[in-house]
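These are my notebook entries on a single chain, kept in the order in which I looked things up.

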Amino acid sequence: MFDGLHDIDWASMEHAYGSAEEVPALLWALCSPDAGERSQALDRFHGAVHHQGDVYPCTAASLPFLFELAADGATPDRAAVLTLMVSIGRESLDRGFEDDGTEIEYYPPTGCAQAVAFLRERGAEFAELARDADPDVCLAAIPGLGLFLDDTDRAAAVLRERLAAEQAVAARLRIVEAAAALALRLPTASQQVVDWLGRLAADPAQGPVTRLAAVVQRVRCAPEEIGEDVVPTAVGLLRESAHALPVRRIAPAPSRPAAPTPGVAPQIVAAFEDLDRRTRVYAPTTILLRSFHEALGARVPERTVVLAEQLSSPDPGSRLDAIRMSGELMRTWRGDHTRLLLLVADQLTTDDQEVAAEAPAVLDALLQVMTEKPATANHVVTCLDRMGSLAAPALPLLRGQLALPRRGGRFRSIDDDEELQRVGRTLIARLATPDEFAALVDDYLIWHRRRRDMSFPELPQPAPGEVLLLCTCYEDGRALWGELHDEIGARREDDRLVLGGSGVRLRMVEDSGWDYLHGGNIPALVPGSSPVPPVVVLADIPVVYGGGGPLLVDLAAIPGRGVRVPSARLGEILADLLGGALAFDDLVRDMDRCGMYQGDGGRPAFPTPTSTPTPTRRSFPSLPSTTTALLVRTCYDDEAGWQALLGELGGTDADGWVGADLDPDEIDVDHYPLTALVVDNPAFEGLQPGQVPALVPPEEHTTLVALADARTFAVPGRPLTVVDLYDCPGQQAVLPCRDVGSLACNLEIANMDFYEFVAEEGIKPWWEGA
């Protein structure tokens, strides 16, 4: 067994957590007679070698040996091994290839192409495994017929054979899905499969669940043939299916040990537990219906009809899944969701804990609908009335949204929208006690008065030899410092911290009025009559929650730019800055891609400039306030190039925006369009990245600032210089203009960090390989 296993240099390959040299031991453990050892090895395979669906070269290299295990009747847990193999192949197809079959190049290389090539070579064996005497092995092998077997006639024949032999709902759903996968992958199979699915959908002998599956999968294969009868037919079959399937109580989520996970922050553990709960599926038809909704796309009225039927199911699990789908629809697609809101609210009057746990997500959807269409406020209040005590989670949610719009909350425009203010007051009054209401109104008025007056607490004047350590992260008015005090090796003396042998003294300053301010906001807080300190240290969100080093903010040379430093070296670096052995320019010149001074994240391919080409230009006007992105022209030598750039970004509308009012159906998700307010003002000529953060008004959470500079008009691809405003204020990333929208989108949804778009010197950027 496992011939050639030790001929592979596993130690030269890596998985998610380092060296892949453990893979041979995991493979041997998968055939162990000890069930616990097998389970542990399988968990490790999924958690490291196939981590979150990733396919590494070591993942692909393990496939021949996994296949050997799956094909050997003496192997315990063959179905689990086969399921792992199918997952590797499916993820390889999804991640490694374009829709037209073109391979996507990654750096470092993945194992996707190697994995798919191997599984297709062995595609015929999936047909044999689908006929295995072990029904679990048959079920696990069925998807492989659609994904890997290139003999369309044989694949279709085996699928028809298995459908005739299988009675279990899960198996029949999987067979019909595999047929659709075959048709979508191989155009030569498309018509044959579509015709077969049409016959199945019309055959009363097949039962309502199978017929519903055939309708949905046929829609996936032939979306151009969606007619007026498709949704009514699906709704009728869904109603029949609800009565044909047994009604089951919702099984509670598995209990988890209360003990903390060593080395893992509690908020991370909680986030993964919440993700696990939210991704659970409670009804056998849920995945099928998700596919139906994806195929219907922007047909919101038709999808609402389907969801209304799902919400009326006698099965509580089906209704719970429908509640989640309804929230996703309301958050994703604009429109009048009043009917759906009322239907969902009716479902939350249950005592079932799992259903009640969906209340916050539903409330979130209610608030989104209300902010997009304030006239629906009365319907929202009606929903909250129907929800009764389950509406309680709305109170902190509303407080966060109304009192902290600068965090990117949905009520950013509340100062200028009387209707939105009325709605906020109505909802708070409905949910809060009189005392809570009064407190909320006080908080609301204080914050919005501060926003209107643009006044924030000034910085105190540090004593000679002191540096201010400013907290900008608060919870319920309480300053959060994380583990910073221990990490910097400081000795505390009252509100001062003495840093080791450096002699540097940090003065800790707190004021909740500084909550969520960023490096670029700090220079404006220096009192006008006081000497300007050279630097301030920030304990911000990355320090408190992300384990990042403290942020040093320049107040003297180019105010507002920042560099992170290793916590353990803070005293040494500050001593050198204050003593003149280091200048802030030295920190900027020697920071890595992650904005860390002398960090190990790789040197940027385009280092952030440390000086300005026009040293006489020391001041610029403030940039406009916006909650999205800004596109700022800083070079006026090429008018034709500027107009060409705007044209490539889709042109500007009457209000001076690019990428506004996009049609979701026309968006290229691989090159997400940039939505930005255009700033074409010669006053910003020569503006450099380090000068940008201090010019961004603090009242709105601007996503990023993209500079159209001399490089934009001289280099193919019209690269823009994008400026980080938060993690490392003033750091630049140079990207082709077509990729800046993807950066903005990923920052807005917190899917990626800014540094992931900073090219590394000598390394081909990942976006150039796609």
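Entry 1, a helix pair. I looked up helix 12 (residues 230–244) and helix 14 (residues 286–296), and found that their axes come within 13 Å and cross at roughly 170 degrees. Axes here are lines fitted to C-alpha atoms, for helices over the stretch in contact, with angles running from 0 to 180 degrees between N-to-C directions. Helix 12 and helix 14 are therefore roughly antiparallel to each other, since angles over 145 degrees count as roughly antiparallel, under 35 as roughly parallel, 65 to 115 as roughly perpendicular and the rest as oblique. On the helix 12 side I noted V230, V231, A234 and L238, which meet L289, F292 and L296 of helix 14, contact meaning heavy atoms within 4.5 Å. By class this contact has seven nonpolar, no polar and no charged residues; Ala, Val, Leu, Ile, Met, Phe, Trp, Tyr, Cys and Pro count as nonpolar, Asp, Glu, Lys and Arg as charged, and the others, Gly among them, as polar.

I am working from a predicted model, in which local features need pLDDT of at least 70 and side-chain atom pairs count only at pLDDT 80 or more, while totals for chains, interfaces and linings use all residues. Residues are numbered from 1 along each chain as its sequence is written, and side-chain values use heavy atoms, with hydrogens and water left out.

Helix 4 contributes R78, A79, L82, T83, V86, R90 and L93 to the contact, and helix 7 contributes D136, V137, A140, A141, P143 and L147. These residues divide into nine nonpolar, one polar and three charged.

Which residues of helix 4 are buried? I listed R78, A79, V81, L82, L84, M85, V86, I88, G89, S92, L93 and G96, where buried means under 20% relative accessible area, exposed over 50% and partly exposed in between (1.4 Å probe, protein chains only). Their cover includes helix 2 (35–49), helix 3 (57–71), helix 5 (112–121), helix 6 (123–129) and helix 7.

S326 lies in helix 16 (residues 316–332) and counts as buried because its relative accessibility is 0%; leaving aside residues up to four places away in sequence, S326 touches L307, L311, L340 and V344. I then turned to Q598, whose phi is near 50 degrees, a positive value in a residue other than glycine. Q598 sits in the loop between helix 27 (584–589) and strand 12 (629–633), and at 41% relative accessibility it counts as partly exposed.

Of the 770 residues, 50% count as buried.

How values were computed:
Helices (H or I, at least four residues) and strands (E, at least two) are DSSP runs, numbered from the N terminus.
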